[in-house]
Amino acid sequence: MKQTTHPPDHRPADARNGAATAAPPQAGGRKRRRPASTQWAAWGFLAPVTLYLALFYAYPLYRNLDLSLRNYTVRSFVQGDAPFTGLENYRKVFDDPTFAPALLHTTLFTAVCLVFQYAIGLALAVFFHQHFRLSATLRALFLVPWLLPLIVSASTWSWMLNTDSGIVNATLHALGIGPVNWLTSPSWSLTSVIIANIWIGVPFNLVVLYSGLQSIPAGLYEAAALDGAGAWRRFWSITFPLLRPVSAITLLLGLVYTLKVFDIIWIMTKGGPADSSTTFATWSYQLGFGNLLPAFGPGAAVGNLLVVAALVFGLVHVRVQRKQALS
């Protein structure tokens with residue numbers, strides 16, 4: 001019989017087999033739009049947060065910046081017709097003889113408080129992490145300074161450090177040591193407010209660092225103990241490295257809080273005597289509200305310096321965290 005030859009079939013295999021395949025959707029096709037109700041719901045949830053940030057953050061910052069760039073008096077502050085002076089208020093602040101001592105006091109106050117608050121808080125967190133009897137009760141008692149109103153804490157420390165009737169000088173007298181003018185001596189006033197602020201800030205560090213310790217797996221400590229690592233070695237090789245993210249945010253929040261501490265210093269020493277405990281926070285208040293003729297512009301300029309300092313440290317923290325995440 002004569003064989004019939006057919007030309008080669010160049011169709012795809014699925015077509016040759018008779019399989020019906022649907023054409024895949026185009027990659028560049030239009031995306032399905034979200035329903036209008038979903039978009040309105042999203043905007044509804046964002047509206048309260050946006051309004052809150054605008055009213056209580058953006059607008060006060062704008063007003064403070066405007067105050068620092070104009071020559072406001074009491075009359076112009078009410079009427080709103082203060083002349084624009086540019087950076088003149090900042091020049092006055094930098095040329096003021098109080099600027100250098102206030103900068104030094106702010107730096108010392110912030111650095112010493114941060115170091116001692118973190119060190120004491122970390123030591124207490126590690127201590128309470130052992131879960132011994134009455135651990136939860138004692139940990140709750142350490143939160144009392146953090147829960148008290150600052151005016152109560154500052155007033156209590158003012159009474160304790162009083163030269164004539166304070167319990168601290170009474171204890172020193174019992175030990176044969178002469179009285180110390182904690183609040184009225186230029187040599188001791190800054191130390192006094194630092195001690196009070198450390199006492200108030202330790203519970204915050206304790207709570208945050210203790211929560212960080214809870215996230216460290218117990219198996220790491222057990223493995224290290226089996227390898228012969230002592231308590232000190234386990235702390236430096238396991239606890240401290242794994243607490244770095246929590247420690248970074250704790251120090252950043254403590255820095256922002258300590259930079260703006262005003263009420264403790266004002267209640268205890270009012271920045272004195274002779275500006276010996278004046279910081280940028282108290283100086284800004286003195287310029288704006290502490291005189292018969294308030295200097296609103298320079299006071300706002302000092303406040304903006306604190307905002308810039310906090311912002312710089314915040315950006316440094318974000319950059320360091322980003323580098324650590326990429327590495």
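This is a predicted model: local features need pLDDT of at least 70, side-chain atom pairs count only at pLDDT 80 or more; totals for chains, interfaces and linings use all residues.
Local features need pLDDT of at least 70 and side-chain atom pairs count only at pLDDT 80 or more, whereas totals for chains, interfaces and linings use all residues.

Select helix α2, residues 36–68, where helices are DSSP runs (H or I, at least four residues) numbered from the N terminus. Within it, pick Tyr 52 and Phe 56, which are four residues apart, about one turn of the helix. The structure holds 21 aromatic pairs, a pair being rings of Phe, Tyr and Trp (its six-membered ring) with centres within 6.5 Å, stacked if the planes are under 30 degrees apart, edge-to-face if over 60 and tilted for the rest. Tyr 52 and Phe 56 form a tilted pair, at 5.1 Å centre to centre and 40° between the planes. Tyr 52 is partly exposed, with a relative accessible area of 45%, while Phe 56 counts as exposed at 53%; buried means under 20%, exposed over 50%, and partly exposed in between, with a 1.4 Å probe and protein chains only.

Next, select Phe 262, Trp 266, Tyr 285, Phe 289 and Phe 296, which form one aromatic cluster.

Move on to the surface and show Leu 134, Leu 138, Leu 141, Phe 142, Val 144, Leu 148, Ile 151, Val 152 and Trp 199, a nonpolar patch with about 770 Å² of accessible area together. The elements that give two or more residues to this patch are α6 (135–141) and α8 (150–160). Leu 134 lies in the loop between α5 (99–128) and α6, and counts as exposed, at 55% relative accessibility. Patch residues have over 30% relative accessible area and no salt bridge, with nonpolar side chains joined within 5 Å and like charges within 9 Å; a salt bridge is a side-chain nitrogen of Lys or Arg within 4 Å of a carboxyl oxygen of Asp or Glu.

Finally, turn to the largest pocket, with a volume of about 630 Å³. Of its 22 lining residues, the closest to its centre are Asn 64, Ser 284, Gly 303, Leu 306 and Val 307. α16 gives the most to the lining, with ten residues. A pocket is an open set of points on a 1 Å grid where a 1.4 Å probe fits, with protein on both sides within 12 Å along at least five of seven lines, and lining residues have an atom within 4 Å of a point.

Definitions and conventions. Residues are numbered from 1 along each chain as its sequence is written. Side-chain values use heavy atoms; hydrogens and water are left out. Accessible areas come from the Shrake-Rupley method with a 1.4 Å probe; for residues, only the protein chains shown count as cover. Grid points are joined across faces, edges and corners, and a volume is the space filled by probe spheres set on the points.
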